[in-house]
Amino acid sequence: MAKVYKSGYVAIVGPPNVGKSTLLNRFLGQKIAIVTPKPQTTRNRILGILTRGSFQMLFLDTPGIFAPGYRLQKIMVDTATRALHDADLALLMTEGTRDPGPDEDRIIQLLSETKTPAVLALNKVDVLPDKKLLLPLIELYGKKGAFTDIVPISALTGDGLEELLKILAKHLPEGPQYYPEETITESSERFIAAEIIREKVFLQTGEEIPYSVAVKVEEYKERQRVLYIKATVYVERDSQKGIIIGEKGRKLKQIGQLARQDLEALGEKKVFLELWVKVRRKWRHKDQDLRFLGY
Ligand SMILES: Nc1nc2c(ncn2[C@@H]2O[C@H](COP(=O)(O)OP(=O)(O)OP(=O)(O)O)[C@@H](O)[C@H]2O)c(=O)[nH]1
Ligand SMILES: [Mg+2]
């Protein structure tokens, strides 16, 4: 008898910084979501499509779920919560290196309000000196009664990922192949370019700067296999503009160089990247500005 084909949405949800985007990229074998050591890196829902012989998994990478303060954070948490409600299957991801905290409790509460089956992945087990340390944690999460399966993984090294994929496939509903095999995302090239630039800002600046930054691609044109990209880095204050530009423009140049290298590797073509910095006061708090910036 022929095996049924399976497909559906798998929402990757969890607290900030636990490795959700790293996992998505690893599953796809390609970087479509930016990753940084700072929490609250992902701000949008990102679709990643994994097609195998017997299934098509539509992964939704999401912003971290936590107690939001300002407007952008509220939108981020709402985006993740909505993805959870849209999904056929929830993959709650957290760190296997610490006890659950208020964010985990909040997400487990959200899960209990849906009928979506949920798998728990305990990530970053590569940093554990001994895997035995996981046992009490698995027991603790098991008692919460919210998960069909609990899987220790390392999104960084790939440990446990095939096992996790098998478990996810098991819970996936029967369904058609929605996208052609070669499609891996619906993100536009412009969006990915803006995200890569934002990633470099996150990596190259400290304090609150990353959280005050948004990037908008203004022009994206290809001429004779050369990509011309013009983008604006928005900040909230004049002082932040000075920091991003840096002494003699060094910081902005460095951000631009790093972004250009990634963009060239991604598109396999030469890239001209022009970056501008503009102040848009308190954009994180204003609905109109947030919409303008794609949130
Ligand atoms: N040691 C270790 N580090 C990891 C692992 N997975 C992710 N990381 C690191 O954890 C940090 C956060 O990773 P992300 O993938 O950006 O995490 P995220 O959950 O998408 O974070 P937000 O988008 O901010 O919610 C990065 O520094 C990753 O390199 C892992 O399995 N082991
Ligand atoms: Mg992320």
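**Close-up views of a predicted model**

**View 1. Helices α7 and α8 against the sheet.** Helix α7 (residues 238–245) lies across β8 and β9 and runs at about 155° to β9. Helix α8 (residues 250–267) also lies across β8 and β9, at about 140° to β9. Contact means heavy atoms within 4.5 Å; axes are lines fitted to C-alpha atoms, for helices over the stretch in contact, and angles run from 0 to 180 degrees between N-to-C directions. Helices (H or I, at least four residues) and strands (E, at least two) are DSSP runs, numbered from the N terminus. The model is predicted: local features need pLDDT of at least 70, side-chain atom pairs count only at pLDDT 80 or more, and totals for chains, interfaces and linings use all residues. Residues are numbered from 1 along each chain as its sequence is written, chains are lettered from A and ligands numbered from 1 in the order in which they are written, and side-chain values use heavy atoms, with hydrogens and water left out.

**View 2. The open sheet β7-β8-β9.** Three strands form this open sheet, with mixed pairing. β7 (214–223) and β9 (270–279) are the edge strands, each with a single partner, so one side of each has no neighbour in the sheet. From one strand to the next the twist averages 15°. β8 (residues 226–235) pairs with β9 in the parallel sense over 10 bridges, and V226 stands opposite K270 in β9. Two strands count as paired if DSSP finds at least two bridges between them.

**View 3. The largest pocket.** This pocket holds about 350 Å³ of space. It is lined by 26 residues, of which N17, V18, G19, T22 and T36 are the closest to its centre. Helix α1 (residues 20–28) gives the largest share of the lining, 3 residues. By class, the lining has 10 nonpolar, 12 polar and 4 charged residues. A pocket is an open set of points on a 1 Å grid over the protein atoms alone, where a 1.4 Å probe fits, with protein on both sides within 12 Å along at least five of seven lines; lining residues have an atom within 4 Å of a point. Grid points are joined across faces, edges and corners, and a volume is the space filled by probe spheres set on the points. Ala, Val, Leu, Ile, Met, Phe, Trp, Tyr, Cys and Pro count as nonpolar, Asp, Glu, Lys and Arg as charged, and the others, Gly among them, as polar.

**View 4. The second largest pocket.** Its volume is about 300 Å³. Of its 15 lining residues, E189, I192, Y220, L266 and G267 are the closest to the centre. Domain 1 (6–171) and domain 2 (189–292) both contribute to the lining, so the pocket lies between them; the domain bounds come from an automatic or database domain assignment.
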